[in-house]
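I want to go through the chains one by one and then see how they meet.

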Amino acid sequence: MRGFVIKEFFHIFRDYRSMLILFGMPVVQVLLFGFAITNEINDAEIAVLDYSKDNITQEITNKITSSGYFILNKNLEHEGQVAEEFRKGNIKEVIVFEDNFAKKLEKNHSAQIQILSDASDPNTANLLTSYTSGIIRNYQQQKFSEFSLPVEIKPESIMLYNPELKSVFMFVPGTITIILMLVSAMMTSISIAKEKEMGTMEVLLVSPLKPWQIIVGKVMPYVLLSFVNAITILLMGFFVFGMPVQGSVILLLLESLLFIVMALSLGIYISTVSSSQQIAMLLSMFALMLPTILLSGFIFPIENMPEILQWISHLMPSKWFIIIVKDIMLKGVGILYVWKETLIIILMTVFFIFLSVKKFKIRLE
Amino acid sequence: MNYPVAIKNVSKSYRKVKALSNISFEVNKGELFGIIGPDGAGKSTLFRILVTLLKPDEGEAFVEGYNVVNQFKEIRKIVGYMPGRFSLYQDLSVEENMNFFASIFKTTVKENYHLVKDIYSQIEPFKTRLAGKLSGGMKQKLALSCALIHSPTVLFLDEPTTGVDAVSRKEFWEMLQRLKQQGITILVSTPYMDEAGLCDRVALIQNGEIMEIDSPEGIIGNYTKNLYKVKTDKMFEIINDLRDYQYTDTAYRFGDSIHFTSKQENPDSDELLSYLQGKGHDNVQINEIKPDVEDCFMALM
Amino acid sequence: MEQRESIIEAINLTKKFGNFVANDNLNFMVGKGEIFGFLGANGAGKTTAIKILCGLSRPTSGNITVAGFDVYTEREKIKKNIGYMSQKFSLYEDLTVFENFRFYGGIYGLSKKEIRERTNYFLDKLGLMEYKDKVINELPLGWKQKLAFSLAILHKPRIVFLDEPTGGVDPITRRQFWDMIYEVANDGITVFVTTHYMDEAEYCGRVSIMVDGRIEALDTPETLKNKYEVDSMDGVFLKLARKG
């Protein structure tokens, strides 16, 4: 078994293409998604509807527009203009200050800001509102830290055109999911198919090795490498894009491990039905990658899909994994909160392992 | 059931194509047994059945007394198998290939070095070279070393010499002769008829059927026709002239001459001589010769 | 050997890959309509030399002309005048016999009429007319081989290169194949052939034997056998190649 794993590592380290996919891919993907999305919100055009027009609202507006992320496109006069401006498509966000903002803040230690965003592009909408809220919080801390009583500015964000968008959506969970799927499923299915193509599988079969030994020997290195990848992405998310893990890192890694095993068993299953590397590659592309990207909620919100696609999305292991990662990373929840999703992935894993061991042939036909 | 390999009425089809039909034979212990036939004759299918990679549709096959269908696990422990394409890991070095194949049989190269020494020592100077960068002959030696490393009692070599040059082929057969002396039973398939003479016994196979099984001498002894070697000055034209000759049964090129058989009961070589001279051939030589396995194979086709 | 018009001329053909000399000063000429056997052990440098002669690879040095064209500057013209068939047969397995003919004819710019005529000519000669619309992968190996050869000479090249054309086929088919080769040579097409069957070396007009990148011997099989005092080409080959 040890010999098998060593040999597998040789294969991986000697093939620059697989090295590229294994280690180049995660970095490139994270950077790509990361910068594509941050670019999106550089110089985002916004409008302000200020019913109060006092010092504080002016200061907050200045603070937001000087942040570098936003450009003030227009000052609105009344609520009726909001919908119109959004429809024109010039602006991505409207900030609404309630009337007597400064006074209320002084008297009640509380005032309201509404952040309206165009959530037909949910990723951007999410980022914009969270940036705006961040700037307002920041302002509040600097300005009122000397006050004895807590002062609260309540930013209330409202997603327009996509009101059902519940979860905070970020690219790191999606990228982790894609990478783990790609590396685990695609690489293993290709590497097993390669043994078939080269004829070495014949020799492996005509040896005392049991099918599970061949399978475990083939996938072990990929478990390890995928795991390294998951950690790389988390580190990059943190250091390059400042995205901390709110919840337990250990829990997150354990969940990743579970997902990796699931993806590997899928990969093995694919390899059992493909006779060549090309077929394995195509199958993983179409059967795994595209659904993962399109149906998991990574790019397109599941709530917006036609009902039938929503149903199909339930069958996507990646959908559940993205939920888990998001919840742990961004909401900081524990296992009690994601046990259902975890259970679903466990069941899927068991199912695919069962299927691939059953399908893995001890003979050639 | 003392035979290392025994096959009884085995048939195998792929969809509609019959790959093997009703094959039966036994191989004796320590025998070098050749399966001789062109591509597509069913050689690989037969080997794959014997090494438990395929199940026969009909009939039974045994290796060292174990049934290839339900006792495949036992068989996989004791056979060495070298598939048609040398199944080596091209991106691993010579040494790494050896270590890997030793490890899957739970042994080490060190432990069984004496088994492969004769062959492996020839490629050992290149042990850090990747298998993909070896010449055909060296790949062949490495593949054989890998198939031997776990001390198998029966060795299955599927076309080990195909596409390999004449020198490497000759060396390979010399290695097999030495292996045989260690008591290993060896089954080897080949499309090269001239290699038949190097086996103890051979099966001539064509279109999934065994045409004859015997020692090379026996096969040649069973050839009943009178075979003539014909040579003249004009070797390009002779084949057509012989085909026009009324008594010609067969006329095939064989190296620098023509092998000729006649339809006549008692062939008259003088008449052939005068026929050829009449066609303008000079220096006609007609000699009756002993057939080789290739002549026999063609006669059986 | 009567003097013939030469169609391949190689003078000091050398090809190096880095420090490795694959072809070391090869000198040979091949005449029109000659069957020239190009023998050598695996890795002796045969494939490298054939690639150069086919205009697929540039030699490092030497003066080489094929069909009168220079291998450095007139590679496209060379390609139009040669046919090539390898052991892998280069037939499209999922196309029919006729579709294969039409495709190869099209590559060499034959007109529809020419393609039809030549296809019919070859199929008629091979006795495969009724299989014209059969998909290649349904045909036996021996037939594929003959079809592949017909395709290689479909455009009436002046030279045809055959790289181990007879590997794995049965002895009768192999001989039928050589009958085809003789016929083609008789029509004036030069045949340049490699093989691992030493009896086939005897069928060639002249053979060259390469060892470690050099041509160690080049003559008629008869002369070579006399020279090395053996009774078959197999013996000649073993004597020479063992030296290397």
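I started with the size of chain C. It has 244 residues, for which a compact globule would have a radius of gyration near 18 Å, and chain C has 18 Å, so the two agree. For the record, that radius is taken over C-alpha atoms, and the globule rule is 2.2 Å times the number of residues to the power 0.38. The C-alpha trace of chain C spans about 50 × 40 × 35 Å along its principal axes.

Housekeeping before I go on: this is a predicted model, where local features need pLDDT of at least 70 and side-chain atom pairs count only at pLDDT 80 or more, while totals for chains, interfaces and linings use all residues. Residues are numbered from 1 along each chain as its sequence is written, chains are lettered from A and ligands numbered from 1 in the order in which they are written, and side-chain values use heavy atoms, with hydrogens and water left out.

Next I looked up secondary structure. Chain C has nine helices and 10 strands, while chain A has 14 helices and five strands. These are DSSP runs, numbered from the N terminus: helices are H or I with at least four residues, strands are E with at least two.

Then burial. In chain C, 57% of the 244 residues are buried; in chain A, 51% of the 365 residues are. Buried means under 20% relative accessible area, exposed over 50%, and partly exposed in between (1.4 Å probe, protein chains only).

Chain C shows an accessible surface of about 10700 Å², 47% of it from carbon and sulfur atoms. For chain A I noted about 17000 Å², with 65% from carbon and sulfur. Both come from the Shrake-Rupley method with a 1.4 Å probe.

On to contacts, meaning heavy atoms within 4.5 Å. Of the contacts in chain C with a separation of 6 or more, 67% are between residues 24 or more positions apart.

Which pair of touching chains has the most contacts? Of the two pairs that touch, chains A and B do. Chain A puts in 25 residues and chain B 30. I get about 2700 Å² buried between them, 62% of it from carbon and sulfur atoms; buried area is the accessible area (1.4 Å probe) that two parts lose on being put together, summed over both. Val206(A), Pro208(A) and Arg363(A) supply 26% of what chain A buries against chain B, more than any other three residues.

Last entry: chains A and C share no contact, and their closest C-alpha atoms lie 17 Å apart.
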